[in-house]
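Dear colleague,

I am handing over the structure below, and my notes on its domains and its core follow.

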Amino acid sequence: MRNEVVATANEVLATIMNHRSIRKFTNERLTQAQIATIVQAAQMAASSSFMQSYSIIGLTDPALKRELRDTTRTPYVEDNGHLFIFCADLHRVGVMGSEEDQQQMSGMLASAAFYQIAVVDAALAAQNAVLAAESMGLGAVIMGSVNRDIKRLDEMLQLPAHVMPLFGIAVGVPDQEPEIKPRLPMDAVYFENRYAPDAEQRARIEAYDLGIERYYQTRSENNRAGGWSGANIAKLKTNMPLQGLTDFMRSKGLNVT
Ligand SMILES: Cc1cc2nc3c(=O)[nH]c(=O)nc-3n(C[C@H](O)[C@H](O)[C@H](O)COP(=O)(O)O)c2cc1C
């Protein structure tokens, strides 16, 4: 339905509506021109206060990629055409400041408010990067799993204070053609003037759960049982060890609780 409505309206929309994460790539490396195009497309995203508060690190050293593959237990961390690590970066903006400036900035730089700005900037840049790659016939997947051992990643990339690794993006020539993953119905996501009551949402989500269950059961790879709500509620009920992330952020000068 959504494809019929907009996907063919223009090439940008066609690329957006055709998105699916790619987790298997041929062994072709990205060219320098492809890398530069992806990074410069990322840089054209909007940026809060024009602070451009993110950095992108290309991980090309085979030994480092192998190590990251091992800690994440994710083959496509290593087997891809190029691996980008996106970081929230509140360090570069103050590089030109004096020592006194650094001290006076430290309160703001540690705040949840500026951390949020940096994360949003990085996320917008990342989506531009993914779309740029997809528009060139490449595939991509965003990977939070690169943070599994965040201290080691921080050390590997030699990140200064106020720079926080967020996620990786593996890009390459697709060696699989997964089906598009159906999204929530639009009326479960877009409301006018007020948030939707749960009673309305339940009916929409119930229908979506059935649809996505069918999708998981019938897709060509990685079939599984269950729907959308059940899986996410189960995840949110687990006792994920999150203290490590909070402690790590503090160690980077980000006093977010
Ligand atoms: C912040 C973020 C982190 C993600 N982390 C991972 C990951 O660690 N491993 C993975 O295989 N996919 C990861 N994904 C991809 C999602 O699983 C995927 O986008 C989602 O299931 C929707 O599927 P689609 O992208 O194919 O439409 C991540 C996506 C985002 C936005």
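What distance separates the centres of domain 1 and domain 2, taken over C-alpha atoms? The centres lie 22 Å apart, where domain 1 covers 2–177 and domain 2 covers 184–257, with bounds that come from an automatic or database domain assignment. Please keep in mind that this is a predicted model, in which local features need pLDDT of at least 70 and side-chain atom pairs count only at pLDDT 80 or more, while totals for chains, interfaces and linings use all residues. Residues are numbered from 1 along each chain as its sequence is written.

The contact between the domains takes 12 residues from domain 1 and nine residues from domain 2, two residues being in contact if their C-beta atoms, placed from the backbone, lie within 7 Å. On the side of domain 1 that touches domain 2, α6 (99–110) gives the most, with three residues (helices are DSSP runs of H or I with at least four residues, strands runs of E with at least two, numbered from the N terminus).

The largest nonpolar core has 41 residues, such a core being a set of buried Ala, Val, Leu, Ile, Met, Phe, Trp, Tyr and Cys residues joined through C-beta atoms within 7 Å, and buried meaning that 20 or more other C-beta atoms lie within 10 Å of a residue's own. To this core α7 gives the most, with 10 residues. Ile169 is among the residues with the most contacts inside the core, and, leaving aside neighbours within four places in sequence, Ile169 is in contact with Phe84, Phe86, Ala126, Ala129, Val130, Ala140 and Ile142.

Best regards

Key: A residue is buried if 20 or more other C-beta atoms lie within 10 Å of its own, exposed if 12 or fewer, and partly exposed in between; C-beta atoms are placed from the backbone.
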